[in-house]
Amino acid sequence: MARDAPSFAQVFVDRVFQSVERLQQFPLSGRVVPEIAQEHIREIIFGSYRIVYLVSDDQVNILSVFHSSRQLKL
């Protein structure tokens with residue numbers, strides 16, 4: 001994406017960051033990832049993309065951002 005359309009890639013990244021800002025206050029607001037079914041591994045759906053993240057103590061770590069047409073690799 002970045003090689004073919006750098007400006008689109010930057011807009012995409014900015015919007016991904018905006019969509020996960022709520023996790024600072026509401027870390028459990030995403031749904032539990034169905035393939036994993038563990039309470040601390042969650043996801044936010046952003047358009048056609050899945051943003052998978054890990055909630056641990058007072059920290060949220062983004063694990064993956066990928067197109068929903070692809071399988072989650074465990």
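Which residue in β4 is the bridge partner of Arg 50? In β4, Phe 66 is the bridge partner of Arg 50. The legends below set this pair in its surroundings.

The structure is a predicted model, in which local features require pLDDT of at least 70 and side-chain atom pairs count only at pLDDT 80 or more, while totals for chains, interfaces and linings use all residues. Residues are numbered from 1 along each chain as its sequence is written, and side-chain values use heavy atoms, with hydrogens and water left out.

**Figure 1. Overview of the chain.** One helix and four strands are present in the chain; helices (H or I, at least four residues) and strands (E, at least two) are DSSP runs, numbered from the N terminus. The elements run α-β-β-β-β from the N terminus on. Taken along the principal axes, the C-alpha atoms fill a box of roughly 35 × 25 × 15 Å. Of the 74 residues in the chain, 26% are buried, where buried means under 20% relative accessible area, exposed over 50% and partly exposed in between (1.4 Å probe, protein chains only). Among contacts (heavy atoms within 4.5 Å) with a separation of 6 or more, residues 24 or more positions apart account for 26%.

**Figure 2. The four-stranded sheet.** An open sheet is formed by four strands in the order β1-β2-β3-β4, with antiparallel pairing. Because β1 and β4 stand at the edges, each with a single partner strand, one side of each is left without a neighbour in the sheet. Two strands are taken to pair if DSSP finds at least two bridges between them. Strand β1 (residues 31-32) and β2 are joined in the antiparallel sense over two bridges, and Arg 31 stands opposite Glu 43 in β2. Between β2 and strand β3 (residues 49-56) there are six bridges, again in the antiparallel sense. Eight bridges join β3 to β4, and these strands run antiparallel. In a regular strand the side chains alternate between the two faces of the sheet.

**Figure 3. The two hairpins.** The hairpin of β2 and β3 has two residues between the strands, and Gly 47 takes a positive phi near 60° there.

Figure 4. A pair of aromatic rings is described by the distance of the centres and the angle of the planes. Rings of Phe, Tyr and Trp (its six-membered ring) pair if their centres lie within 6.5 Å; planes under 30 degrees apart count as stacked, over 60 as edge-to-face and the rest as tilted. By this rule there are two aromatic pairs. One of them, between Phe 12 and Phe 46, is tilted, at 5.9 Å centre to centre and 55° between the planes. Phe 12 lies in helix α1 (residues 6-20) and Phe 46 in strand β2 (residues 41-46), so this pair ties together parts that are 34 residues apart in sequence. Phe 12 counts as buried because its relative accessibility is 15%. Ring pairs link Phe 12, Phe 46 and Tyr 49 into a cluster.

**Figure 5. The largest pocket.** On a 1 Å grid over the protein atoms alone, a pocket is an open set of points where a 1.4 Å probe fits, with protein on both sides within 12 Å along at least five of seven lines; lining residues have an atom within 4 Å of a point. The volume of the largest pocket is about 180 Å³, a volume being the space filled by probe spheres set on the points, which are joined across faces, edges and corners. Among the residues that line this pocket are Ile 36, Val 52, Phe 66, Arg 70 and Leu 74. Strand β4 (residues 59-67) contributes the largest share of the lining, three residues. By class, the lining has six nonpolar, two polar and two charged residues; Ala, Val, Leu, Ile, Met, Phe, Trp, Tyr, Cys and Pro count as nonpolar, Asp, Glu, Lys and Arg as charged, and the others, Gly among them, as polar.
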